[in-house]
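Subject: Handing over a structure

Dear colleague,

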Amino acid sequence: MSNKVVYKGFTLVDGTGAQEVNNAYLVVEGKKVVKVGSLDSYNEEENSEVVDLSGKTVMPGLINSHVHIVMEPVGDPNSIMLTESPYKAVLRGSNNLKKHLYSGTTFFRDMGGYEYIDLVLRDAVKEGLIEGAEFVASGKVVTMTGGHGWVMGREADGPEETRKAAREQLKAGADVIKIMATGGVMTKGVEPGSPQLSMEEIKAAVDEAHKAGKLTATHAQGTTGIKNAVMAGIDSVEHGIFLDDEVIQMMVDRGTYLVPTLVAPYFIVKYGVENGVPQYAVDKSKYVMKYHNESFRKAHKAGVKIAMGTDSGTPFNQHDGAPWELKLMVENGMTPMEAIVASTKNSAECLGILNDYGTLEAGKFADFIVLDENPLENLDTLFNVESVYKLGKKVK
């Protein structure tokens, strides 16, 4: 039997932002897309299996730029992480990997693991030991002593220590270095807007990553901390809650990505203390939400590059919940097409994998999802993905 499969008759949303193609076809050979386009220009492929997808819509698998794969989205995820054995965390993470994949997220970026379990899981997926979405991972986050994420991070003070901390993550096999520029919502006694690591400390870590050909990301919520990170050469700003016009322009000029994670505070506020979320996290989230949405709208309007990320693993922020982020991005000014591009092509560029993933084009890996409706007309169809293909193989 040929390993060439022709899918045809569907509406194609290819992830590039180009207008959808009605009555399209896609030829997959092995793990890759070899041809894609309109059936009007289709020439019959010899010795190929044909799959009729009439009435369906096909688009690239979602790419989630901000995930915590070993975190469980309960009211207080830190309480589990601090008491659970690493062996159980591995099992939890492998279960979460399937949730991403089966719900249509075929690739993601892990933004802070625990005891390097993220790197073990990443390699296990690549080797075919476990089933799940492929991903890139950051190992331990680099944070100041007592800074945001210290529970699972590598505490470091001063440029020489942050340089060493970054080198340690690279040595362990991290794909990306994550640096904590400000406080955050989920660390007790820490103010979300307050700057933490200095520009010089961030720059030392960024320089080490870039020397090694790796990308960098920063947890950054307050304006000063965001500016410190952008001036230090960071590649993506996660959350970006308090963005002013100056830092927005800096991000536009430098091509710095914003990964907004609008759903993270949204779910904390929605579920609240009555469902076990710590009071301090609820209070901080209520405070930041208005600014968060405003900052996103301003950044989008100004032309900042935006990639989709959910922060899944934070309270009630499920590992199969990526479509919620697309809905919030649309509620805050994006068109459905822009939200889809942010969740496919832009995320792939942000993760440094655009050559192989993120759009349905000849030569790229065949990661795609089949939907009952056109998501440009009804984004809710993403909550009920009909089938998922990973590296050319149907997994759901």
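Predicted model: local features only at pLDDT ≥ 70, side-chain atom pairs only at ≥ 80, totals over all residues.

Residues are numbered from 1 along each chain as its sequence is written, and side-chain values use heavy atoms, with hydrogens and water left out.

I begin with the sheet. Three strands form an open sheet in the order β6-β7-β8, with parallel pairing; strands here are DSSP runs of E of at least two residues, helices are runs of H or I of at least four, both numbered from the N terminus, and two strands pair if DSSP finds at least two bridges between them. The edge strands, each pairing on one side only, are β6 (62-67) and β8 (134-137). Strand β7 (residues 105-110) pairs with β6 in the parallel sense over 4 bridges, and Ile63 has Phe107 in β7 as its bridge partner. Helix α2 (residues 86-102) packs on the sheet and touches β6, β7 and β8, its direction making about 130° with that of β7, where contact means heavy atoms within 4.5 Å and angles, from 0 to 180 degrees, are taken between N-to-C directions of lines fitted to C-alpha atoms, for helices over the stretch in contact.

Turning to the cores, the largest nonpolar core has 80 residues, and those with the most contacts inside it are Ile202 and Met329. Such a core is a set of buried Ala, Val, Leu, Ile, Met, Phe, Trp, Tyr and Cys residues joined through side-chain atoms within 4.5 Å, and buried means under 20% relative accessible area, with exposed over 50% and partly exposed in between (1.4 Å probe, protein chains only). Helix α11 (residues 336-342) gives this core its largest share, 5 residues. Another core lies apart from it and has 15 residues, among them Leu26 and Tyr389.

Two buried residues remain. His66 lies in strand β6 and is buried, with a relative accessible area of 0%; leaving aside neighbours within four places in sequence, its contacts include Arg109, Glu238 and Asp311. Glu201, in helix α5 (residues 199-211), is buried yet has no salt bridge, the nearest side chain of opposite charge, Arg154, being 10 Å away. A salt bridge is a side-chain nitrogen of Lys or Arg within 4 Å of a carboxyl oxygen of Asp or Glu, and for charge, Lys and Arg count as positive and Asp and Glu as negative, with His and the chain ends not counted.

With best wishes
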